[in-house]
Amino acid sequence: MVPKKAEQRKLPGHSRRQHRAKPDGLAASAIESIKNKPIKNHPIPFNDRIQRKIEMMTSRRTFLNHSALGFSSLALGAMLERESRGSGVGGWAPPDGQPHFAPRAKSVIWLFMNGGVSHMESFDPKPMLTKYAGKTIAETPFAEAQDPKKLAIERLVVPDGNGNQRNTLYPLQVGFQKHGQSGIEVSDWFPHIARNVDKLAIVRSMWTTDSNHGAQTQFHSGRHQNDGDYPNLGAWVHYGLASLNDNLPQFISMGTREYWNKRDGHYLGPAHDAVPLRIDPKNPLDFGSPQRPMSTEVQSIGAGLIGQLNGLRDTAYPQDPALEARLAAYELAFRMQRSVPELLDFSKETAETRALYGLDLPHCRDFAGQLLAARRCVEQGVRFIQIQHGGGGAGAWDAHSGLKGNHSRLALAVDQPIGGLLIDLERRGLLDETIVVFASEFGRTPGSQGTDGRDHHIFGFSVWMAGGGLKRGVVHGATDPIGFHATENRHYVTDIHATILQLLGLDSRKLELPTRKRLDIDHGLPIEEILA
């Protein structure tokens, strides 16, 4: 039978100051044991001795780590990391959660295609490939593309059969059409994105240095795999900006991530790793529900005990802002058990919205669910939603052979959900405050690998962005006529990071840790030409 007091007890966090929990049970026994055994001339004040006794019996960390309340391990890590932050040294202090200057966007939806999308068959058409198909590059007017000085940016991790020069030009495997008022050409494999081309800012002049799939991590962090592990863009946003919704995490990840790309925070700490989210209302989070069935009443009793222990500390230190913040964070973990499943409840979405994303179509159902969840995340104030498509192994888009079949199938899986997302965000008034990014670790070679594939290509490829603070219906930068090198307005991957941070109101140099000096290339430069 549940004690009468426990039945009436409210969850912690609701008018906690006005209705401070009084100690009973375990806490009361601890107090009485000290009261009945006073120690003369004890150097520790009485109230502190009470608290230390309680902490020895039931420390907050131990209780939370071993309780069956089912707190997300990553969310708890974030809370404990915030708990351990100091006030700063040498005049430095961690971010206060506010933008450094007026932001033009609030959230980011980061769509990453793992494996390497062919830029020539998506957003950067190269008819010269078809004209000179079957010829070696040396036999064309573009022989200078293989100048060793131009190829020197590559940093090889380990020699293997991929990421090599492919000399015989391979014709385009898909047609292109002009779309929208801008007249921008987009591959026929992406008709839904093409209908939204007047919303896009396409950058056709990206480059990177890792010619193997460590470039996936490099695109996220800006650092080559040989340099070690560094925080990625989502982690920096999480580190720099406060939450817009106290019931949800700021940084969410969806989709499969390979072992070398599972972490986000690195030297910022695991608190800044994304919270992995599954599109399953019954099991959306790792450790997000009790290991064994547990009633709400029983969970409330456990939460009430935590409230009592916190109340004792609160009584002893009523003016401690760090304590207030810590208790609020603990309460968030409890609230997430309800807020996250509600986030993934699509039953309130109209049939028209479901059809817009392709939620009921077998070929794109999974990605559609992730993008619909991303829109709901943005609506409810999540800062950074990182979605990986085709993750696992080298990545599904890694078309060393059978490029036409590979890319046409995968484009079918992502095209309608992305087009639906752009339309849905705009009609709800969310596109003006959200940045949508479509990216891949590198492009693919102009030359053929085998008879019908393309290899990895770091020297020139495309990314597009849309949303808050960005120009619409524009193309920036260019590759040469065969899509080999970025030649006009070249941009390393961190220029994308810098552009996004500027739109969010963050100065990356003000986020630096005093013990972790970053290189200029780590910060990148905003792409001013695509800013509205």
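Residues are numbered from 1 along each chain as its sequence is written, and side-chain values use heavy atoms, with hydrogens and water left out.

The pLDDT, which is the predictor's confidence in each residue on a scale from 0 to 100, averages 84 over the protein, and 79% of the residues score at least 70. Over residues 1–27 the pLDDT is below 50, and this stretch has 40 contacts in the model beyond near neighbours in sequence, a contact being defined as heavy atoms within 4.5 Å. Residues 53–71 likewise have a pLDDT below 50, with 44 contacts beyond near neighbours in sequence. Where pLDDT is low, the predicted coordinates should not be read in detail.

The protein contains 17 helices and 15 strands, which are DSSP runs numbered from the N terminus (helices, H or I, at least four residues; strands, E, at least two). Of its 532 residues, 54% count as buried, where buried means under 20% relative accessible area, exposed means over 50%, and partly exposed lies in between, with a 1.4 Å probe and protein chains only. The accessible surface comes to about 23500 Å², of which 52% belongs to carbon and sulfur atoms; these areas come from the Shrake-Rupley method with a 1.4 Å probe, and for residues only the protein chains shown count as cover. Among contacts between residues at least 6 apart in sequence, 79% join residues at least 24 apart.

A nonpolar core is taken as a set of buried Ala, Val, Leu, Ile, Met, Phe, Trp, Tyr and Cys residues joined through side-chain atoms within 4.5 Å. The largest such core has 73 residues, and those with the most contacts inside it are Ile109, Leu111, Phe190, Ile385, Ile387, Ile418 and Trp464. Helix α15 (residues 403–427) supplies the largest share of this core, namely nine residues. A second, separate core has 40 residues, including Ala201, Leu233, Tyr267 and Ala274. When residues up to four places away in sequence are not counted, Phe190 touches Glu121, Ser122, Phe123, Trp397, Ala411, Val414 and Asp415.

Helix α15 was also examined for its geometry. The expected span of a helix is 1.5 Å times one less than its number of residues, so that the 25 residues of α15 should span 36 Å, in agreement with the 35 Å that separate its end C-alpha atoms. The helix bends by about 30° at Leu412, the bend being the angle between axes fitted to the seven residues ending at a residue and the seven starting there. After α15 comes Gly429, with a positive phi near 75°.

Helix α16 (residues 494–503) is mostly covered, with nine of its ten residues buried; among them are Ile496, His497, Ile500 and Leu503. It is followed by Gly505, whose phi is positive, near 85°.

Most residues other than glycine have a negative phi. In His266, which lies in the loop between β5 (251–254) and β6 (275–276), phi is positive and near 45°. Asn489 lies in the loop between β14 (486–488) and β15 (491–492), has a positive phi near 55°, and is partly exposed, with a relative accessible area of 42%.

Three further sites were considered individually. Ser118, in the loop between β1 (107–113) and α6 (127–131), is buried, with a relative accessible area of 0%; apart from residues up to four places away in sequence, Ser118 touches Leu403, His407, Arg444 and Arg454. The C-alpha atoms of Gln449 and Gly402, 47 residues apart along the chain, are separated by 9.8 Å. Gly255, found in the loop between β5 and β6, counts as partly exposed at 35% relative accessibility. Neighbours within four places in sequence aside, Gly255 is in contact with Gln370 and Gln388, and its C-alpha atom is 8.5 Å from that of Gln386, 131 residues apart in sequence.

Technical notes:
This is a predicted model: local features need pLDDT of at least 70, side-chain atom pairs count only at pLDDT 80 or more; totals for chains, interfaces and linings use all residues.
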